[in-house]
Amino acid sequence: MTASLQGQMMDMPLTVSALLAHAARFYGTVEIVSRRIEGDWHRYTYRECERRAKRLAQALIALGVEPGERVATFAWNGYRHLETYYGTAGFGAVCHTINPRLFPEQIAFIINHAQDRYVLFDITFAPLVDRLAPQCPQVRGWIALTDDAHRPDMRTPVSSYETLLAPHDGAFDWPRIDERSASYLCYTSGTTGHPKGALYTHRSTVLHAYGAALPNALGLSARDVVMPVVPMFHVNAWGIPHAGPLAGAKLVLPGKDLDGRSLYELMEAERVTFSAGVPTVWLGLLAYMKEAGARFSSLERMVIGGSACPPAMLRAFEDDYGVEVIHAWGMTEMSPLGSLVKLTGEERRRPPAEQRKLREKQGRAGFGVEMKIVGDGGRELPWDGVTFGDLHVRGPCVIDRYYRTDTSPLIDGWFPTGDVATLDADGCLHITDRSKDVIKSGGEWISSIDLENIAVAHPAVAEAACIALAHPRWNERPLLVVVKRPDAQVTREELLAFYADKVVKWWIPDDVVFVDELPHTATGKLQKLTLREQWRDHVPPSARGDADCPLTDVSTDLNADHAGCVPPSDRATRSPP
Ligand code: ADP
């Protein structure tokens, strides 16, 4: 760093407790509404929330939890979980949110790896806790997030949260802590190998909250009613439990019932203006809206991310229901927000079809996120919207190394995201694949995400995944695996024909297979590794040369198309390695 004249402003650390303290002080009467696991509703204010978070801090300190020690949660989105976010990190302990949808073996690994001292859990997870407890000997106590009356009958000795809080009065000052000390710990789902921990700092969490609240990001304010559907056990619910209090927004925490009807009723009852979640959960909401003929009376904006937002979903929310969709990209290692789609004034004046194309991409980086795309040998590639390469990022909210590992994942100071993308001249990001999911046909890359998006735009398709099949001539060719909508009919040939005017010929999948359901990871993403294993021995017709296959001459077409290698106008190819 260059030596320079020191500035003369206060050296106040950025700490997460300040977020809740701010909300309690200046938006003290703004509500937090939760649908409780016990079955009823709970409502209170930021002021009461802070007081109870302080009581939790007092209780944990009384139990002997030291700053820096990890306290884990298995919990849905609810007020006690929110109190735990602050009642741990607020005094310097580390809040470790665990995804209960992972395999129990993975969870046990995570608890032991993180060396969690206490685990706070929603009563729905009592059977899971009974299964885990014998495998996690260093956990000192398991605490049910409920009162004594609702404490479940369990093999594991557990105490109740309310009994724990009872002796404490909340007369507690949040301590001043080093902003570089750890705040939250989140493990990635680890579709390959063991899960890996991203250990955030107070500084990174607060900076992320500032960035997330900005108008070009989530755009939260005190007039908003914010309902995070993305779970608080998944990358801190994309920062909403921090950005919400920072903005003084009312929070609606939906608990465990995330079906379309429950979400819709909650949105209407509490006048929700803003929500956020992964595409899968919105599929359920859209299906319910259609079936019930329902309309939104308050919902203005929603963030869709975690996997690519299918264009058909974007259209449905915007055109049919008048809700602005903010397509977002990010990852656990980035705290997680990386980029979002917010169009500039000039872009909003472009023809609707052009605007739509921009909205379907992943948008511009938020402030504090630097990006580049690199090709073979780390060569930086141009921002032309055509050339695609490995996406690398850096910034104050990006991971430097994984928790309790010695090796750095960085390459020349940049974090390789594992995503393959293009960047256009205006900095607009388009994710085309995970690097491990990309389909390489004759040395050229085919975007599985684009092929899936086209498939789900077909009225008979509920969900689709596109994976690489080994091919004797082209090395890999796309296979489309489809779940049909209930009662809908479509044939393999009809689906293949659906691609004809949408992609170049050599991108058209070689085969289509129909299944009842697709495998998903614990965070709702398609589990393509499992799919690839399931379909490893499937031989595409192009490799068999079946006479009645519409793509029987695929090898000739591929030859011609690969030779000229003319991609669709808005897509790209990367030169073969
Ligand atoms: P995991 O625990 O599975 O790693 P993350 O939420 O960290 O969960 O996953 C991050 C990955 O999800 C990204 O690297 C990217 O591949 C994918 N992803 C997230 N948002 C989008 C999006 N809007 N479009 C395409 N892919 C996305």
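These legends walk through several close-up views of a predicted model.

Residues are counted from 1 along each chain as its sequence is written, and side-chain values use heavy atoms, with hydrogens and water left out. In this predicted model, local features need pLDDT of at least 70 and side-chain atom pairs count only at pLDDT 80 or more, while totals for chains, interfaces and linings use all residues.

**View 1. The nine-strand open sheet.**
Here you can follow an open sheet of 9 strands in the order β2-β1-β11-β10-β12-β13-β14-β15-β16, with mixed pairing. β2 (41–45) and β16 (364–365) are at the edges with a single partner strand each, so one side of each has no neighbour in the sheet. Strands (E, at least two residues) and helices (H or I, at least four) are DSSP runs numbered from the N terminus, and two strands pair if DSSP finds at least two bridges between them. Helix α3 (residues 79–89) packs on this sheet, where it touches β1 (31–35), β2 and β11, and its direction makes about 40 degrees with that of β2. Contact here means heavy atoms within 4.5 Å; axes are lines fitted to C-alpha atoms, for helices over the stretch in contact, and angles run from 0 to 180 degrees between N-to-C directions.

**View 2**
Buried means under 20% relative accessible area, exposed over 50%, and partly exposed in between (1.4 Å probe, protein chains only). β10 pairs with strand β11 (residues 250–253) in the parallel sense over 2 bridges, and Val225 stands opposite Lys250 in β11. Strand β12 (residues 274–277) also runs parallel to β10, joined by 3 bridges; Pro228 has Ala276 of β12 as its bridge partner. Together, β10, helix α8 (residues 240–247) and β11 make a right-handed β-α-β unit. A crossover is right-handed if, with the strands pointing away from the viewer, the path from the first strand over the helix to the second runs clockwise.

Which loop holds Cys309? Cys309 is in the loop between β13 and α11, and at 1% relative accessibility it counts as buried. Setting aside residues up to four places away in sequence, Cys309 touches Pro279, Ile304, Leu314, Val325, His327 and Asn453. Two of these contacts, Ile304 and His327, are bridge partners, with His327 in β14. Strand β13 (residues 301–305) and strand β14 (residues 324–330) run parallel, joined by 5 bridges. Asn453 is one of the buried residues of α14, a helix (residues 448–456) in which 9 of 9 residues are buried.

A pair of aromatic rings is described by the distance of the centres and the angle of the planes. Rings of Phe, Tyr and Trp (its six-membered ring) pair if their centres lie within 6.5 Å; planes under 30 degrees apart count as stacked, over 60 as edge-to-face and the rest as tilted. By this rule the model has 12 aromatic pairs. Trp282 and Phe317 have ring centres 6.3 Å apart and planes at 85 degrees, so they form an edge-to-face pair. The pair links distant parts of the chain, 35 residues apart: Trp282 is in helix α10 (residues 279–292) and Phe317 in helix α11 (residues 311–321). Trp282 is buried at 0% relative accessible area, and Phe317 is buried with a value of 0%. Trp506 and Trp507 also pair edge-to-face, at 6.1 Å centre to centre with 75 degrees between the planes, and both are buried. Elsewhere, ring pairs link Phe74, Trp76, Phe125 and Phe233 into a cluster.

**View 2. The seven-strand open sheet.**
This open sheet of 7 strands has the order β7-β6-β5-β3-β4-β8-β9, with mixed pairing. β7 (158–160) and β9 (197–201) are the edge strands, each pairing on one side only. From one strand to the next, the twist averages 25 degrees. Strand β8 (residues 182–187) pairs with β9 in the antiparallel sense over 4 bridges, and Cys186 stands opposite Ala198 in β9. Helix α7 (residues 202–213) lies across β8 and β9, running at about 80 degrees to β9.
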